Amino acid sequence: MPDTLFRKVWNAHAVRVLPSGQTQLFVGLHLLHEVTSPQAFDMLRQHSWGVAFPDRTFATVDHIVPTNTQRRPFLDLMAEEMTGALERNCREFGIELWTPDNANQGIVHVIGPELGLTQPGMTIACGDSHTSTHGALGALAFGIGTSQVRDVLAAQCLALEPLNVRRIDVNGRLARGVYAKDVILTIIRRLGVHGGVGYAYEYGGSTIDAMSIDERMTICNMSIEGGARIGYVNPDATTNAFLRGRRFAPAGGAFDRAVGWWRELASDPGAPYDDRVTFDAAAVEPTVTWGLNPGQSVGIHEPITASADDEALAFMGFTPGGRVNGTPIDVAFIGSCTNGRLSDLEEAARLVRGRHVAPHVKALVVPGSQAVSREAEARGLHQTFIDAGFEWRGAGCSMCLGMNTDRLEGRQMCASSSNRNFKGRQGSPTGRTLLMSPAMVAAAAIAGAVVDVRDMLEGVPS
Ligand code: SF4
């Protein structure tokens with residue numbers, strides 16, 4: 001019988017159906033970071049439990065690490081304390097950990113794929129909402145809470161409700177200046193921030209097929225913002241090429257055998273879906289949020305709908321029928337697990353080369369990992385950004401959220417390549433976030449206001 005990747009992988013990892021109706025699912029890879037793991041380790045100690053599969057468990061620090069200087073001890077005492085706690089926990093339980101003094105450190109959803117830990121057909125868990133990112137490689141990747149982190153540490157299993165599968169096809173060619181970020185913001189806008197509740201999102205169609213793994217990660221990353229529990233793309237030749245030669249990927253004959261298995265796991269033609277939705281890539285515009293969730297967005301030349309949510313409008317300082325285009329910004333942030341990868345930095349660097357950040361704008365580029373940082377520096381991208389007036393920082397979550405020293409102040413307006421525009425997300429209770437693609441952030445930094453990136457592409461090599 002033809003079936004979806006979701007059901008094939010789910011069934012392959014199902015240990016049993018629990019009396020609650022949930023499925024006990026074996027977890028192939030468990031990723032940890034400093035914020036959601038300390039209490040889970042404490043609970044293990046209280047019960048005198050060990051970690052069931054330390055060789056399937058890896059840890060990094062990302063949320064709290066300072067990005068201006070990463071020398072230890074960190075000047076931020078909280079960051080130092082949380083990093084020290086993770087170091088002690090990983091040492092005690094035999095888990096490999098990457099701190100800023102290690103070349104593998106970075107945002108958990110950037111380093112998993114980068115190191116080849118994330119592979120098709122895996123079940124993956126991490127105590128972080130944006131674990132859905134890993135679905136870009138054909139994995140079922142679940143963001144979990146702290147008590148579930150404890151469960152996975154102790155038993156390598158999760159109790160989960162089965163999901164319906166919604167197939168989302170995006171077909172056609174994206175226009176120049178329109179990116180994966182615009183596609184996922186458009187999907188969330190149309191289906192709603194709760195539209196995916198109870199679903200796994202399977203992305204496909206000619207637009208997704210043509211995307212790189214980096215772009216697919218941007219799409220899958222924000223599945224959770226559309227309410228979906230997970231998002232994934234079926235593995236294909238692009239997936240195989242991405243994984244070949246990575247540190248934790250199978251090597252030699254084992255890689256070829258794995259590719260054969262990954263091929264079988266992809267959803268079959270004629271697989272049954274619980275719902276199907278189609279998008280036309282040619283209709284997607286550079287998209288920006290105007291409100292307080294990622295579904296409150298408009299195409300750059302569209303007015304904000306007259307029936308828009310009053311509270312969100314008032315907080316953001318917009319009016320019904322008004323426009324985001326032309327809005328002055330104070331801060332520009334390029335980074336995060338959504339758009340802090342090498343290809344994001346390359347695209348932004350192409351745009352800013354030979355230009356300069358507007359005098360009133362503070363602009364940051366924060367690589368998603370040390371590997372991204374090294375590669376960007378080897379290509380001279382850091383110098384391009386610095387010459388243009390951006391600050392070039394160390395790897396971490398940085399201004400995606402207010403858990404480190406990179407924060408908005410007061411009512412600052414930030415053009416951000418991250419994934420959440422909730423109230424207070426960037427550290428100031430009154431700070432305002434406009435989500436957009438990294439190229440749009442770069443354009444806003446240069447112009448000092450939100451603009452259509454397509455107007456700045458003339459003469460920029462593609
Ligand atoms: S970059 Fe932002 S969304 Fe991603 S893991 Fe860090 S804090 Fe979470």
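Me: Which residues cover the two faces of strand β10, and are they buried or exposed?
Reply: One side of β10 carries Y199, Y201 and Y203, and the other has A200, E202 and G204. Buried means under 20% relative accessible area with a 1.4 Å probe and protein chains only (over 50% is exposed, in between is partly exposed). On both sides, these residues are all buried.

Me: What kind of model is this, anyway?
Reply: Residues count from 1 along each chain as its sequence is written, and side-chain values use heavy atoms, with hydrogens and water left out. Local features need pLDDT of at least 70 and side-chain atom pairs count only at 80 or more, while totals for chains, interfaces and linings use all residues, because the model is predicted.

Me: Why is β10 largely enclosed by the rest of the structure?
Reply: A strand here is a DSSP run of E with at least two residues, while a helix is a run of H or I with at least four, both numbered from the N terminus. β10 covers residues 199–204. It is largely enclosed because the number of its six residues that are buried is six.

Me: How many bridges join β9 to β10?
Reply: Strands pair when DSSP finds at least two bridges between them. β9 spans residues 164–171 and runs parallel to β10.

Me: Which residue takes a positive phi in the hairpin of β1 and β2?
Reply: β1 (residues 14–17) and β2 (residues 23–26) run antiparallel, joined by three bridges. A14 has L25 in β2 as its bridge partner. Five residues lie between the strands, and the one with a positive phi near 95 degrees is G21.

Me: Over to the helices: which residues in α5 meet α2?
Reply: Contact means heavy atoms within 4.5 Å. α2 is residues 38–47 and α5 is residues 146–155. From α2, the residues taking part are Q39, A40, F41, M43 and L44. Over in α5, they meet T146, S147, V149, R150, L153 and A154.

Me: Which residues in α3 does α2 meet?
Reply: Helix α3 runs over residues 77–93. On the α2 side, P38, F41, L44 and R45 take part. Their partners in α3 are L86, N89, E92 and F93.

Definitions and conventions:
Axes are lines fitted to C-alpha atoms, for helices over the stretch in contact, and angles run from 0 to 180 degrees between N-to-C directions.
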